[in-house]
Amino acid sequence: MPRLTLTIDGRAVRAGRGQTILQAARSHGIAIPTLCNLEGLTPLGGCRVCIVEVEGRPRPVPSCTTRAEQGMVVTTDSERLAAARRMIVELLLAERNHTCAVCVMNGNCELQTLATYLGIDHVRYGFISPLASVDISHERFGMDHNRCILCRRCVRVCNEIEGAHTWDVGGRGAASRIISDLAEPWGESATCTGCGKCVQACPTGALFEKGAVATRKGTICLERLVEWRKRGEP
Amino acid sequence: MRSAELLDRMKKAREMLAAAGTRVSVCMGSPCIAAGAEAVLRELRAMYGGQAIHVTGSGCMGPCGRGPLLRIDRNGEPTAFYEKMTPADACAAVGAYLDGNANGPGRLAPDFPFIARQTRVVLANCGTCDPESLESALAVGGWSALAQAIVHLTPEEVCAEVSASGLRGRGGAGFPTGLKWTTVAKAQGTQKYVICNADEGDPGAFMDRTLMESDPHRLLEGMAIAAYAVGAEVGFVYVRGEYPLAAARLRRAIAEAEQAGLLGRRILGRGFSLTIRVRIGAGAFVCGEETALMASIMGRRGQPVIRPPYPAQHGLWGRSTLINNVETYGCIAPLIRNGSAWFKAIGSPGNSGTKVFSISGDVDTVGVLEVALGTPLRHLVEMAGGVTGGTFKAAQTGGASGGCIPEGHLDTPVDYESLTALGSIMGSGGMIVMNDQRCMPDVARFFMNFCQDESCGKCAPCRAGTQQVSRLLERICGGDADLADLDRLEELCLLMRDASLCGLGMAAPNPVLGTLRWFREEYEAHIRGGRCPSNVCEREDSPCHGLP
Amino acid sequence: MKQRIRLATAWLSGCSGCHMGLLNLHAGLLELFERCDLVYSPLADIKQYPHGVDLCLVEGAVGSGDNREMAEVIRERTAFVVSLGDCAVNGNVAALRNPRGKAATLNRVYPQPGGFTPDVPALGEIVLPLHHVIAVDAFIPGCPPAPDAIGQAIQRFVTRM
C-alpha cells in the first residue's frame with residue numbers, strides 16, 4: 001500500500017515506503033532516462049543519467065538509488081539536468097571506441113537510443129580512443145571492451161541472479177575493465193555457466209552473441225526471475 | 001591492570017624520566033630517518049649510552065626539512081633544538097651541552113618560529129616521547145584520559161563533553177564530532193565498530209603520518225575513548241600501504257597496550273573491552289572516502305557506495321560504525337583530560353581547537369606545524385620561514401580536493417568557513433605554498449592528473465570527466481587550446497561537482513575552478529598568446545615547454 | 001524571385017556512402033536543384049572550390065594533411081558547413097586506426113618494405129571529426145545518413161534563405 005506522497009514534476013505521486021524516486025516516477029508514467037539501471041538488479045548509481053533535482057538539496061541526486069520521502073519535491077526535467085545528461089552521454093561516447101556503424105547492436109543499443117533521445121548529434125569532447133581488446137574465447141559469446149560503458153549490469157546480473165560472480169571490475173578509473181574471474185579469458189572461466197544473462201543485460205554491443213547477425217537482448221525478464229527466486233520456485 | 005596500577009606505573013615512568021636529568025632525543029620520524037637519523041642515534045647511544053643522560057629515539061619535532069633533528073631537555077631549562085645532525089655534529093652538540101654550552105653545531109635559535117610559534121595540543125607529545133615505548137607514553141600522561149573516562153564518566157557524558165567542545169572532524173569536511181559520536185551511540189544494535197581513517201593520500205599531506213609515527217598511543221587512546229563512548233568493541237585503523245613505519249609502530253603500540261591491559265578484554269579491570277586491528281590499504285586515494293574505506297576493510301573492491309545510509313546507521317558488515325580521522329582522535333585525550341571548556345578556549349568561535357598542517361612547496365622550512373584554528377594564513381607562511389625562490393603567489397589547501405588562496409587573501413584566518421568562502425577547503429591539512437614562478441594551469445593539470453589516476457571508475461562524470469579535463473588542461477598548457485576549450489573546461493568541472501558519486505569526483509575540479517577564479521588571465525595568456533606568463537614553459541619538464 | 005543557393009559537397013576521408021545517400025534522394029534531387037546550383041562536388045567535374053558558397057555538405061573525417069587543408073578552404077569560403085555522415089561527425093570507420101596509431105596501422109596494412117610510397121597524401125597522426133578541425137554549423141549523423149535526413153536538412157536550409 002502506498003504510504004507516502006511526494007511531488008514529481010508538479011504532480012502528486014504516491015509511493016510505497018522503500019521505493020526509489022525512479023520507481024515512484026515510473027509507476028506514474030513519468031519517464032526518467034536511465035542507463036546503468038536495470039529493474040531486478042541492485043541499483044548502482046554509477047552512470048548518473050537518471051539524476052533529478054530535489055528541492056532543498058544543493059546537488060542533483062540519482063533517482064535510481066534515492067528513496068522517495070514524504071513531501072519530497074522532485075524535478076525530473078530541467079535545463080540543468082538536460083545539459084548534465086547530455087554531457088554525461090557525450091563523455092561516455094568519447095571514452096571508448098563506439099563505432100556504431102560496425103556494431104552488432106547498431107539500432108538496438110540503449111546508449112545510442114539515449115543519445116538520440118537527448119538530441120546528441122555530435123560529441124564536443126576529444127575522443128580518447130583507448131586501445132581496448134575483444135575477448136572471443138567463449139564458445140558462444142564475445143566481449144568487446146571498445147563498446148563497454150562500465151555500467152556493471154553484467155557484473156550484477158551474474159552475481160545477484162545467476163550467482164556465479166564470473167564478472168567483476170579490474171583496474172580503476174580510465175583503466176577499469178570488466179574482467180572474468182581473475183582477468184582470465186572468458187572461455188577459460190571456471191565459474192561461467194554460459195547462461196547468457198550478462199549478454200541479455202548489456203545495454204550496448206559490448207557483450208554479444210557470436211555468429212548472430214543481431215544479438216537479441218531483453219528477452220529475459222529479470223524482474224520475473226527475481227520474483228521466482230524469492231518464491232523459491234523455478 | 002587496574003586503574004590504580006596504571007597510575008602507579010605512570011608515576012614510576014615520570015620519575016624515571018625526571019631522574020635521567022638530561023634527555024637527548026633524536027627524531028625517528030620517516031623524514032629524519034631518510035636524512036640519516038638512525039646513524040645519529042646509534043652514535044649517540046654508543047658514546048653516551050652508559051652515562052647518566054637519557055638518549056632516546058623520539059617522534060617528530062616539526063621542521064622535517066631540516067632533519068635529522070635532535071633536542072636536549074633538562075629540567076628547568078629551555079629545550080635546545082639542533083638541525084641537520086650528522087653523527088659527529090650530534091656528539092659534538094651533546095658534548096658541548098654537557099659542558100654548559102647549549103650552542104653546539106646545528107643549534108636552532110631559541111625563538112625559531114617554526115617551533116616557537118606552534119600551539120601543540122595534538123602533537124603535544126611528539127618529539128618528547130619514544131613512539132616505540134609504552135612507558136615513555138605513560139610518562140607524558142598517555143592513557144590517563146581513558147582511565148579518567150571509563151572510571152569517572154558515563155559514555156553519554158563522554159559524548160556530551162566532545163559535543164560541548166565544538167570539535168569538528170579534522171579529515172576535511174568539518175562535521176561536528178560530538179554529533180557523529182552521539183548518532184552512533186544511539187544507533188540500534190549490539191555490535192558496533194570504530195574506525196580510524198589513516199588513509200592520508202592528498203599530495204602534500206603528511207600530518208597523520210607524523211602523529212602515527214610519533215605518538216601512536218595518543219591515537220589508540222582516542223579510539224578507545226570513542227569506542228567506550230559509542231559502545232564498540234572492535235576497532236580498525238586503516239593505514240595506507242605507503243606508511244609502513246606508521247603501521248609498524250601502531251602494531252607495536254597495540255601489542256604493548258594489550259599487554260598492559262589498556263586494550264583487549266576488560267580494560268583497566270572494568271566491563272569495557274576493545275580490540276584494535278591495523279588494516280593496510282593497497283594504494284588507492286579513493287579508499288580515504290569512508291564508504292570505499294569500509295569496503296576495503298571488508299575485503300571488497302575499494303570503491304564508494306552511495307550515502308545515505310551513512311556509516312553511523314549502516315557501516316562495516318551492516319553495523320553502526322564510527323569513523324574519524326587520525327587527528328580527530330588525536331584531539332580526544334587532551335579534550336577529556338582538560339575538559340571541553342579548555343578545548344573551546346583554543347581557536348575561534350565555531351572552530352575550536354588546533355589544526356595540524358603539513359607545509360611544503362616553496363617555503364624555507366618544510367614540516368609539520370600545529371596552530372590554533374583561525375590563525376591567519378600569513379602566520380603559517382612566516383613560521384615556515386617565508387617564501388623561497390620568488391614572492392608568494394598562492395597556497396594550495398586541501399590537496400587535490402582543495403583550492404588555492406591567492407596573495408590578496410593571505411590574512412584570511414585558517415578555519416573551515418573562511419577557506420570554503422574562498423573556494424578552497426580546509427581539507428586534512430596539507431598546505432603547498434607556491435611562489436610567483438609557478439604556472440597555475442600547470443598546477444591545475446598536476447592535480448587533475450592525480451585525480452584521473454585515482455578515480456575508482458564507478459561513476460561516469462568522475463571517470464570520464466577527469467580524462468577530458470586532463471586533456472583540456474594538457475591542450476591549454478601546450479598552447480593548443482582555443483577560448484571555447486575554456487568554456488568546455490568550466491562546464492565539465494561544474495558537471496563533475498554536481499553529478500559525481502563521491503567526494504573524490506565532486507572535489508576533483510576544485511583545483512581547476514580555484515586557479516580559474518584567481519588566475520584566469522594565466523589561462524587566457526596560454527590560449528590567446530600561446531604564452532606562459534610564469535615562464536614555466538622554459539623548464540624542460542614542463543608541459544608548456546617549447547611554447548613560442 | 002528568391003536567390004538560388006550555391007550548394008557544394010565535399011569528400012574527405014570517407015567511403016562515398018554519404019554521397020550515395022544524397023543520390024538516393026532520387027526524384028527529390030530534381031526538386032532540390034530547382035532551388036540550388038551545385039557549384040562544387042566530387043559528383044561534378046569542378047577542380048577548384050569556389051568562393052561564396054552558401055551551403056556545403058562535407059563527407060568524411062579529417063585523416064590527412066590534404067583533408068585538413070581542404071576543410072580550412074571550405075570553412076573560409078562557405079557560409080554554412082554541415083558534417084554529413086558519421087565519419088565527419090565522429091570519425092567512425094576512418095578513425096578505427098586511432099587506438100593503434102599511424103605507424104602501427106601503416107605497418108599492418110603495408111607489411112612489405114616499399115609497399116607504401118610517400119607520394120600519396122600524408123596521413124595525419126590521428127583521424128579527427130570535422131568539428132575538431134573547423135567550426136561546423138550542423139550535423140547529419142548516420143552511416144550512411146538516411147536520404148530523407150539529408151533532404152530535410154537541405155530543405156530546412158533552403159527555406160531559411
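Q: In this predicted model, which chains share the most contacts?
A: Two pairs of chains are in contact here. Chain B and chain C aren't one of them, since they do not touch, with contact meaning heavy atoms within 4.5 Å. Of the two pairs that do touch, the one with the most contacts is chains A and B.

Q: How far apart are the nearest C-alpha atoms of chain B and chain C?
A: These two chains do not touch. Take the nearest C-alpha atoms of chain B and chain C, and the gap is 11 Å.

Q: Which salt bridge partner does D498(B) have in chain A, and how is it placed?
A: D498(B) sits in helix α20 (residues 483-499) of chain B, while its partner sits in helix α2 (residues 79-95) of chain A, so the pair joins two chains. The closest N and O atoms are 3.1 Å apart. The partner is R80(A).

Q: Are D498(B) and R80(A) buried, exposed or partly exposed?
A: Buried would need under 20% relative accessible area and exposed over 50%. D498(B) comes in at 22%, and R80(A) has 37%. Because those values fall in between, D498(B) and R80(A) are both partly exposed.

Q: How many residues apart in sequence are the parts tied together by E83(B) and R66(B)?
A: The side chains of E83(B) and R66(B) meet in a salt bridge, at 2.7 Å from N to O. E83(B) is in the loop between β4 (77-82) and α4 (87-98) of chain B, and R66(B) is in the loop between β2 (54-58) and β3 (70-74) of chain B. E83(B) is buried, and R66(B) is too. The parts they tie together are 17 residues apart.

Q: What about K393(B) and E522(B): how many residues apart in sequence are the parts they tie together?
A: Here the side chains meet in a salt bridge of 2.6 Å, N to O, and both K393(B) and E522(B) are buried. K393(B) belongs to strand β13 (residues 392-397) of chain B, and E522(B) to helix α22 (residues 510-528) of chain B. The parts tied together are 129 residues apart.

Q: Which residues are linked with E490(B) in a network of salt bridges?
A: Over all chains the salt bridge count comes to 39. In chain B, some of these residues are linked in a network. Along with E490(B), the members are R520(B), E524(B) and R528(B).

Q: What is the strand order of the five-stranded open sheet in chain A?
A: The pairing in this sheet is mixed. Its edge strands, each pairing on one side only, are β2 (11-15) and β4 of chain A. At the β2 end, β1 (residues 4-8) pairs with β2(A) in the antiparallel sense over five bridges, with I8(A) as the bridge partner of R11(A). Read across, the order is β2-β1-β5-β3-β4.

Q: Which residues of β4(A) and β5(A) stand opposite V52(A) and E53(A)?
A: Strand β3 (residues 51-54) of chain A is joined by two bridges to β4 (residues 61-62), antiparallel. It also pairs in the antiparallel sense with β5 (residues 73-75) over two bridges. V52(A) stands opposite V61(A) in β4(A), and E53(A) stands opposite T75(A) in β5(A).

Q: Which residue in the turn of the β3(A)-β4(A) hairpin has a positive phi?
A: The hairpin leaves six residues between β3(A) and β4(A). One residue in the turn has a phi of about 90°. That residue is G56(A).

Q: How far apart do the C-alpha centres of domain 1 and domain 3 of chain B lie?
A: Chain B is divided into domain 1 (19-110), domain 2 (134-344), domain 3 (355-435) and domain 4 (440-528). The contact between domains 1 and 3 takes five residues from each. Their C-alpha centres lie 30 Å apart.

Q: Which residues make the nonpolar surface patch with V102(A)?
A: The patch covers about 240 Å². One member is in the loop between α4 (86-90) and α5 (102-109) of chain C, and is partly exposed with a relative accessible area of 45%. Besides V102(A), the patch is made by V93(C) and L96(C).

Key
Residues numbered from 1 in each chain as written. Chains lettered and ligands numbered in written order. Predicted model: local features only at pLDDT ≥ 70, side-chain atom pairs only at ≥ 80, totals over all residues. Heavy atoms only, no water. Patch = residues over 30% accessible without salt bridge, like charges linked within 9 Å, V, L, I, M, F, W, Y side chains within 5 Å. Areas by Shrake-Rupley, 256 points an atom, 1.4 Å probe, with all protein chains shown as cover. Salt bridge = Lys/Arg side-chain N within 4 Å of Asp/Glu carboxyl O. Helix = DSSP H or I, 4+ residues; strand = E, 2+ residues; numbered from the N terminus. Buried < 20%, exposed > 50% of the residue type's maximum accessible area, 1.4 Å probe, protein only. Pairing = 2+ DSSP bridges. Domains from an automatic or database assignment.
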